[in-house]
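Biologist: I have not looked at this one before. Can you take me through a few parts of it?
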Amino acid sequence: MEILRGISVAPGVAIGEAVILEREDTRIPFRTVDKDDVPAELDKLDHAIAHSIEELHKQSAWLNTTLGHDAADVFEWHIGVLKDERLRHSVETMIREQCAAAAYATSTVMRNYQRRFMQMSDPLLVERVRDVQDIERRLLRHILGESREDLSHLTKPAILVAHDLTPTQTAGLAATKVVGVALDSGAATSHSAILLRSWGRPGVIALNDISSRVSGGDLVIIDGTNQLVIVQPNESTLEDYRRREAAFVRFTDTLDELRDLPAMTLDGTRISLNCNIEFPGEAAVGLSKGGDGIGLYRTEFLFLRPQGAPSEEEQFEAYKEAILGAAGRPVTIRTFDLGADKYTQERNYEQERNPMLGLRSIRYSLQNLDMFKVQLRAILRASSFGKVRLMFPLINSLIEFRQAKMTVHDAREDLEDVGIHAPTDIPIGMMLETPAAAIQVEEFCREVDFVSIGTNDLIQYLLAVDRGDERVAQFYTASHPSVLQTLRNIAKACTSAEIDCSLCGEMAGQPLYTIFLVGLGLRSLSMAPANIPEVKKLIRLITLPQARRVARRALSFDTDRQVTNYLRDETRKMLPEDPI
Ligand code: PEP
Ligand code: MG
């Protein structure tokens, strides 16, 4: 038995035999055809392009309804490449001049195209390599009439193990018997991770080398709740997980009943449960899970599109869509959190030595004021369509917060100059995600309208553990006593200053920490919509004195293991049927 830890894309348990998607390197051997057969090869090419475009339109339509148009744009880009006459012309020339077989000519031209992207210095464009590979494979599948990656033949639940998945492969999972996914690669912001999240089944990524550790047919357990993958489990582990899997299914069935009920403790304290979203189309979908609003809209995902930086008008439309989707409920829009592991489209990229400590988030926005102002104008304009709160990421000093607020003021003046009057009562808050900001929380409370704790980053900076590096993942834990103590200090300062404080890192959606966070005094949590029902259920089973007692006790331990074990026991007492 082997236990591997990665990054979870969705909670839950999945058990099945592994299906390995080989690291595709579909080398097409050089093959020529008779001169007379050249027209037939050209036909094959045109047929493949036409069918690929048709398939992509269907997949794009599916994505549009599930995630909104930003995600569907990925496939729109593929369609754009396939419609590019120059590309077709290059393949045609090779077929005509060298009598090359269509498959070989297509593969050669697409690989040259990939190489051009690989040589680019902008990480966003480098990421396009995978899209081009995806297009190549799709074309080859049509030309060769093969369905090498066709998972539709599966007859029983399977766990898909792969190095990585292309957007196409991910989008196709819904139509297969795949119940869980484990990938070598991936970061929380990769295209595949975003699409996997919308698929909603348990998945763990960033596992480093799982695709070479597992063989087809091996039994694999995906524990999306605890970010684990268990390969060839022993009898007792398997039994334990079978129980958890069944319990999870039963449990999620019962959770639907909670949708319209408030997240209120037994003794009447209301906790606001909100959704984290990446695409505007997710607002309405997320709230259908029973959320009270959008607690974190990660706007930087607007950059997940081939066309470059989104214009003011495009941003305005996206923000408006999210705000209207929230139907009167509050929407907390976070300004671009670019840099580090996320796209920076316009930037003349030089590899930073420590990107997590580099030019990211609010620092990046304040150094690119034109871009920042465009965003702020779009947000201010859209804010007349609903209840908007504005939030800046990674605020590390009061000066930064003041500068960012001043920029809002400037953007507002720009709008006034052209006769647009945005609402003046938009709350402006900060994401508290660095140790420096945590230490200065009382000073911040004098200036901000609200605080949202970004534990994903706060933990990495407190513990000096890169949140995206699978090699140190075992050191990254919210249970570390210094994390708990820091959260206690922040909650205490905000409570006494009467500043609204919420928590929007992954921790907010992990039932393991729910009782603790309520006990600390937090009254607002924001999480992936899929986590809301379970957290809500737990909140409805506890009382405030009980939660406070648990928080006090958790704070008394001096190692993360003790904290985790204790919180797990306490949570199980409340939710014995929950496979935490
Ligand atoms: C966080 O850091 O906790 C957070 C919510 O923001 P992100 O994950 O986008 O950095
Ligand atoms: Mg963050």
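Biologist: What should helix α3 span at 1.5 Å a residue, and how far apart are its end C-alpha atoms?
Modeller: This is a predicted model. Helix α3 covers residues 85-98, and its 14 residues should span 20 Å at 1.5 Å a residue. The end C-alpha atoms are 20 Å apart, so the two values agree.

Biologist: Which residues of α3 are buried?
Modeller: L87, R88, V91, E92, M94 and I95 are buried. They cover an arc of only 155° around the axis, so they sit on the same side of α3.

Biologist: Why would residues three or four places apart point the same way?
Modeller: Because an α-helix has 3.6 residues a turn.

Biologist: And which ones are exposed on the other side of α3?
Modeller: E85, R86 and E97 are exposed there.

Biologist: What happens at the start of α3, and just after it?
Modeller: At the start, a side-chain oxygen of D84 comes within 2.9 Å of the backbone nitrogen of R86. Just after α3, C99 has a positive phi of about 55°.

Biologist: Different topic. What coordinates the magnesium ion, ligand 2?
Modeller: E433, through OE, and D457, through OD, at 2.0 to 2.2 Å.

Biologist: Where do E433 and D457 lie?
Modeller: E433 is in the loop between β13 (428-432) and α15 (435-439), while D457 is in helix α17, residues 455-463. The pair therefore ties together parts that are 24 residues apart in sequence.

Biologist: Are they buried or exposed?
Modeller: E433 is buried, with a relative accessible area of 2%. D457 is buried too, with a relative accessible area of 2%.

Note on methods
Residues numbered from 1 in each chain as written. Chains lettered and ligands numbered in written order. Predicted model: local features only at pLDDT ≥ 70, side-chain atom pairs only at ≥ 80, totals over all residues. Heavy atoms only, no water. Donors = N, O, S within 2.8 Å, 3.2 Å for Na, K, Ca; no water. Helix = DSSP H or I, 4+ residues; strand = E, 2+ residues; numbered from the N terminus. Buried < 20%, exposed > 50% of the residue type's maximum accessible area, 1.4 Å probe, protein only. Expected span 1.5 Å × (residues − 1). Arc of directions from axis to C-beta. Polar contact = N/O pair within 3.5 Å; in protein donor to acceptor, adjacent residues only side chain to side chain.
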